[in-house]
Amino acid sequence: MVTRQLPQVGELLELMQFKKPDLNLKRRRLESALTIDDLRVIAKRRTPKAAFDYTDGAAEGELSLERARQAFRDIEFHPDVLRPAADVDTSTTILGGPSALPFGIAPTGFTRLMQTEGESAGAGAAAAAGIPFTLSTLGTTSIEDVRRANPTGRNWFQLYVMRDRDISYGLVERAAKAGFDTLQFTVDTPIAGARLRDKRNGFSIPPQLTVGTIVNAIPRPWWWIDFLTTPKLEFASLSTTGGTVGELLNAAMDPTISYDDLDVIRSMWPGKLVVKGVQNVEDSKRLIDAGVDGIILSNHGGRQLDRAPIPFHLLPHVVREVGADATVMVDTGIMNGADIVASVALGAKFTLIGRAYLYGLMAGGRAGVDRTIAILRTEIERTMALLGVSSLDELEPRHVTQLARLVPVSSSTAQAAAALDA
């Protein structure tokens with residue numbers, strides 16, 4: 001039988017310890033976010049639909065993006081037990097320099113449209129965290145201003161080869177002069193992908209006021225106040241704007257880029273050169289033979305070719321072929337620190353986050369980017385500790401199994417189907 005008694009005042013007082021309310025609404029909002037998905041929810045609530053959808057969306061049916069995210073969900077970890085990992089070291093060396101974490105910030109275009117602090121917030125947060133920051137050719141903060149935001153950290157520059165080659169060459173020279181140490185030569189954007197959300201929203205650069213945008217802005221006045229009371233958007237390479245993102249890209253990009261362009265850029269660039277947007281094993285081998293310092297397996301966040309290969313699935317095959325001779329990195333679909341741990345276990349030397357960083361930016365500016373990095377850091381450290389590994393070097397392919405969901409049709413099955421159709 002349970003013995004009952006009258007409540008003791010002293011015991012009640014121990015239970016009635018109220019947490020002091022935090023009057024800082026931004027800090028309270030961001031601290032409530034425990035995952036990148038939580039930041040996404042906050043970002044969607046605080047950002048006009050057109051700007052949010054530009055960030056959140058992908059090409060056509062958005063299958064490439066969904067498949068990339070699903071690939072990370074479809075993994076199984078294999079922890080080692082009775083292997084203490086009390087002190088987890090997440091630091092690494094990438095492309096000749098240090099990084100406190102096995103990820104950096106990927107290049108994103110038109111970033112100040114999402115939140116006015118833009119690339120400066122990303123660069124500053126990267127500097128504080130000790131990780132690389134990448135500025136896009138289509139960034140809305142100049143090369144020099146990014147350097148000022150991250151004066152002692154590692155800055156990388158992402159390069160599109162434009163129809164007007166002199167624009168691209170000039171950007172290469174400016175990035176080198178500003179001390180950027182790595183160039184990402186992007187090869188998956190000869191033309192713009194069909195980003196249908198943008199078309200349906202009538203999204204343009206710069207944003208145009210319509211009845212729809214005004215109605216959508218009513219519950220989000222802070223975004224428009226920030227946009228209208230901060231300096232005009234400046235682009236790293238576009239001297240004129242006006243039109244949809246796809247129209248601007250198609251006017252600027254050159255679908256004839258080739259290995260000859262890679263050779264020219266290689267001769268100009270004094271630092272490390274990596275190629276971003278690699279999507280098969282043969283191209284990986286050819287690029288390494290061409291002398292690049294690394295490759296980034298990427299389908300551009302699903303924003304170019306829909307139904308493109310899944311970079312995370314491609315990773316072990318590329319590492320098996322060129323991993324001993326090259327720095328292999330991966331992006332697209334990363335939404336959790338466990339995704340990063342799995343990538344490193346399967347041979348990636350480094351990873352890059354795009355939307356995860358932008359969700360934090362839209363949720364709270366620089367503080368939101370800091371929160372993104374903090375969330376991913378905690379998830380990485382926790383996953384490594386639970387796997388029983390103390391450093392990134394201890395991660396091995398045996399720690400991860402990629403579970404099959406999309407299984408290629410075998411050649412014999414395809415031939416049989418073709419015979420039946422005949």
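**View 1. A363 in helix α17.** In this predicted model, A363 sits in helix α17, which covers residues 355-387. With a relative accessibility of 0%, A363 counts as buried. What does A363 touch, leaving aside its neighbours within four places in sequence? The contacts are R29, L30, L39, I42, A43 and R46. T47 is worth a look too: 316 residues separate T47 from A363 along the chain, yet their C-alpha atoms are 8.2 Å apart.

**View 2. Helices α14 and α15 packed together.** Two packed helices are described by the angle between their axes and the distance between the axes. Here, α14 (residues 281-289) and α15 (residues 311-322) pack at about 35 degrees, and 9 Å lies between their axes. The crossing of α14 and α15 is right-handed. On the α14 side, V281, S284, K285 and I288 make the contact, while α15 brings in L314, H317, V318, E321 and V322.

View 3. Side chains of opposite charge can pair when their charged atoms come close. D53 and K49 form a salt bridge, at 2.9 Å from N to O. Both residues belong to helix α4 (residues 49-56) and lie four residues apart, or about one turn of the helix. Are the two partners buried or exposed? D53 is buried, since its relative accessible area is 8%, whereas K49 is partly exposed at 44%.

**View 4. D80 paired with R398.** In this salt bridge, the closest N and O atoms of D80 and R398 are 2.9 Å apart. The pair ties together distant parts of the chain, 318 residues apart: D80 is in the loop between β1 (75-77) and β2 (92-94), and R398 is in the loop between α17 and β12 (400-402). D80 is buried, with 19% relative accessible area, and R398 counts as partly exposed at 41%.

**View 5. K276 paired with D331.** Here the closest N and O atoms of the salt bridge are 3.7 Å apart. K276 comes from strand β8 (residues 272-278), and D331 from the loop between β10 (327-330) and α16 (337-345), 55 residues away in the chain. K276 is buried, with a relative accessible area of 6%, and D331 is buried as well, at 7%. The count for the model comes to 20 salt bridges.

**View 6. A nonpolar patch on the surface.** L12, L15, M16 and F18 make up this patch, with about 510 Å² of accessible area together. L15 belongs to helix α1 (residues 9-15) and counts as exposed because its relative accessibility is 71%.

Technical notes. Residues numbered from 1 in each chain as written. Predicted model: local features only at pLDDT ≥ 70, side-chain atom pairs only at ≥ 80, totals over all residues. Heavy atoms only, no water. Patch = residues over 30% accessible without salt bridge, like charges linked within 9 Å, V, L, I, M, F, W, Y side chains within 5 Å. Areas by Shrake-Rupley, 256 points an atom, 1.4 Å probe, with all protein chains shown as cover. Salt bridge = Lys/Arg side-chain N within 4 Å of Asp/Glu carboxyl O. Helix = DSSP H or I, 4+ residues; strand = E, 2+ residues; numbered from the N terminus. Buried < 20%, exposed > 50% of the residue type's maximum accessible area, 1.4 Å probe, protein only. Contact = heavy atoms within 4.5 Å. Axes fitted to C-alpha atoms, helices over the stretch in contact; angles between N-to-C directions. Left-handed = near helix turned anticlockwise from the far one by under 90°.
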